[in-house]
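Trainee: I have a structure open and would like to learn how to read its features. Could you walk me through it?
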Amino acid sequence: MSVVIVLAYVLTRTRAYIAIMTKNEITIKQQLGMILIFGIFSIYGTLSGIDVMGAIANIRDLGPAIAGLIGGPWVGIGAGLIGGIHRYTLGGPTYIPCSISTVLAGLIGGLIYQYRKGKFASITCAVVFMALMEALHMGLTLVIVKPFSQALLIIQNVSLPMIITNTLGMGIFAFIIHNLMKEQETQHTKELIEGELSAAREIQMSIVPKIFPPFPERPQFDIFAVLESAKEVGGDLYDFFLLDEDHLYFTIGDVSGKGVPASLFMAVTKTLIKAKADINLGPDEILYRVNNELCEDNDSGMFVTEFLGILTISTGEVIFSNGGHNTPYLLRKNGEVKALPKIPGMALGVMEDVKYVCASIKLSAGDSLVMYTDGVTEAMNPDGEFLGEQRLENILRQFDGKTAKDEVNYILNNTRQFVNGASQSDDITIMVIKYLKQKQVEYRVKNKLEEIPILAADVEDFAAANNLPAQLNFQVNLCLDELLTNTISYGFPEGGEHEILVTIDLQEKMLVITIQDDGMAFNPLKQSKPDLSLGIDERAVGGLGIHLVRNLMDKIEYRREAGKNILVMEKQIK
């Protein structure tokens, strides 16, 4: 029986076996190889037999029978002919029925193969076939061998051992083959699941923003996010987009379930949120509409927790609504950590017409809004402990980074350290928005004097938003008033409507103000300094305004470029 086991092991490592199991056509070369292997096994079955009154009790028929079951009639007959011819050459009273039965074993096994359309017989079927085959073998011996009394005596001595050994051999072989078939089916199922999970990960990662910084032209805020899929991928999502120049929409969510269905539900949710986003709608109204859309025909019963916020970039105000998601944290510049106000709200996709509510917070320069999914707080270490909200708050309190990316990576690395190599059971998604306030603004002023007070009010708002000293604000507006008044009054002698571009750039300890106009070429810095020792009646007209600007600003430069006057002023912030 050990030879049967070895044969089964060797066979299952051949290309022919792979072709059989995958129901591909077996090549002639593979068929010849199987005929040779099982033909030799049939000869071995004869040689290892026991002589009983000139007859040989053996397992010769087993090889051709297996060959037929796994390779078809021609393979079975080929192996049977090898074993049968060898038995015929040995002679003896039973050489004819034994030789015939060996060939018949391969033929009948092949017919079973064809009947089952190439599928290997069940263990019961294979065992019954082998038992009947050996019974047929005994019957042929009784019919062919003369005298009958001798044949009957031989059958009485060898029939039971041969039926038992051949049937047992077939049973062992069939058991091994079926076990391997089940292993292959399990492996195939595993590969299908892994393929589905891989597809889900691809769907998941292809639909969330991955390019950072996403808005390099917007220095007022910094945003970074990461999504690390677990082996059993879920449906975590995040998204952000500018609805207009002053409003940033952002969202983070977690879909119930795993695999492709969760990823598809996540994709639908993300798409609906973006489609429903409107400057005239609050986050609560957007969630309300998205929820109703998701509830329609939701036969799968899936749902998504969702946090949605709108940042007013110019003021730092954040209006938000929460649909059953983890409460984000506000990390103040001074290190203070506070959870956002908890507001009621059901997960999306559970029930139609659920009402959502709004709340708001105010971000100051340097503050961060930290959002995450439960893959962070439910990260588990080898001792079975969750990271939890308290540990997350402690992690945030210890942070001392400068960018949103630093904060995200700090949280992620601390989470990894906590789990200490334990397998990740859920997606981990972290998104941080760091508010930096307006660092650069542009104002477009028409060549009309009444535009100057409007500009002054805007500059005052910029100064207040960035906590600039009141005296600095006064000095800047005074200089702008003087320079723009001269430009509007004397820079466009031909008349017509023109636009003057004023840019204010707030750097580390410096305020840079640039004025561009397409008026006639004029360098105010070439004007001679007024003699302040003379009386008003004695001094030449002009020059006082630029003298004032020179004294109020730390640096001032002029250039003529592409038909435009460009004046750049710098002022140190003290």
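Mentor: Gladly. Let's begin with an idea we need for sheets: two strands pair if DSSP finds at least two bridges between them. Keep in mind, too, that this is a predicted model.

Trainee: Then in what order do the strands S13, S14, S15, S16 and S17 lie in their open sheet?

Mentor: The order is S13-S14-S15-S17-S16, and the pairing is antiparallel. At the edges you find S13 (440–446) and S16, each of which pairs on one side only. Neighbouring strands are turned by 15° against each other on average, direction ignored.

Trainee: How many bridges join S15 to S17?

Mentor: There are 8 bridges between S15 and S17 (residues 564–572), and the two strands run antiparallel. As a landmark, look for Gln-516, which stands opposite Ile-566 in S17. On to S14 (residues 499–506): this strand pairs with S15 over 6 bridges, also in the antiparallel sense. There, Thr-503 has Thr-514 in S15 as its bridge partner.

Trainee: And what do S16 and S17 form?

Mentor: A hairpin, with 2 residues between the strands. S16 (residues 555–561) and S17 pair antiparallel over 7 bridges, and Glu-561 has Lys-564 in S17 as its bridge partner. In the turn, Ala-562 has a positive phi of about 50°.

Trainee: Which strands does helix H15 lie across?

Mentor: Helix H15 (residues 470–490) lies across S13, S14, S15 and S17, and runs at about 15° to S15.

Trainee: I also see an open sheet with S3 in it. What is the strand order there?

Mentor: That sheet has 5 strands in the order S3-S12-S11-S8-S9, with antiparallel pairing. S3 (221–228) and S9 (337–339) are the edge strands; each has a single partner strand, so one side of each is left without a neighbour in the sheet. From one strand to the next, the twist averages 15°.

Trainee: Where could I check the pairing residue by residue?

Mentor: Leu-369 stands opposite Ile-433 in S12. Helix H13 (residues 404–419) packs on this sheet and touches S3, S8, S11 and S12, with its direction at about 30° to that of S3. Helix H12 (residues 388–397) lies across S8 (329–331), S9 and S11, running at about 20° to S8.

Trainee: Let's turn to accessibility. Is His-137 buried or exposed?

Mentor: The cut-off for buried is under 20% relative accessible area. His-137 has 1% relative accessibility, so this residue counts as buried. His-137 sits in helix H7, and its contacts, not counting residues up to four places away in sequence, include Arg-60, Asp-61 and Met-162.

Trainee: And which residues form the nonpolar patch on the surface?

Mentor: Tyr-88, Ile-96, Ile-100, Val-143 and Ile-144 form it, with about 420 Å² of accessible area together. Helices H6 (95–115) and H7 (123–144) each supply at least two residues of the patch. Ile-96, in helix H6, counts as partly exposed at 34% relative accessibility.

Trainee: One last stop: where is Gln-527 found?

Mentor: Gln-527 is in the loop between strand S15 (510–517) and helix H16 (544–552). With a relative accessible area of 32%, Gln-527 is partly exposed. Gln-527 and Leu-152 are 375 residues apart in sequence and 137 Å apart in space, C-alpha to C-alpha.

Technical notes: Residues are numbered from 1 along each chain as its sequence is written. This is a predicted model: local features need pLDDT of at least 70, side-chain atom pairs count only at pLDDT 80 or more; totals for chains, interfaces and linings use all residues. Side-chain values use heavy atoms; hydrogens and water are left out. Helices (H or I, at least four residues) and strands (E, at least two) are DSSP runs, numbered from the N terminus. Buried means under 20% relative accessible area, exposed over 50%, partly exposed in between (1.4 Å probe, protein chains only). Axes are lines fitted to C-alpha atoms, for helices over the stretch in contact, and angles run from 0 to 180 degrees between N-to-C directions. Contact means heavy atoms within 4.5 Å. Patches are made of residues with over 30% relative accessible area and no salt bridge: like charges are joined within 9 Å, nonpolar side chains (Val, Leu, Ile, Met, Phe, Trp, Tyr) within 5 Å. Accessible areas come from the Shrake-Rupley method with a 1.4 Å probe; for residues, only the protein chains shown count as cover. A salt bridge is a side-chain nitrogen of Lys or Arg within 4 Å of a carboxyl oxygen of Asp or Glu.
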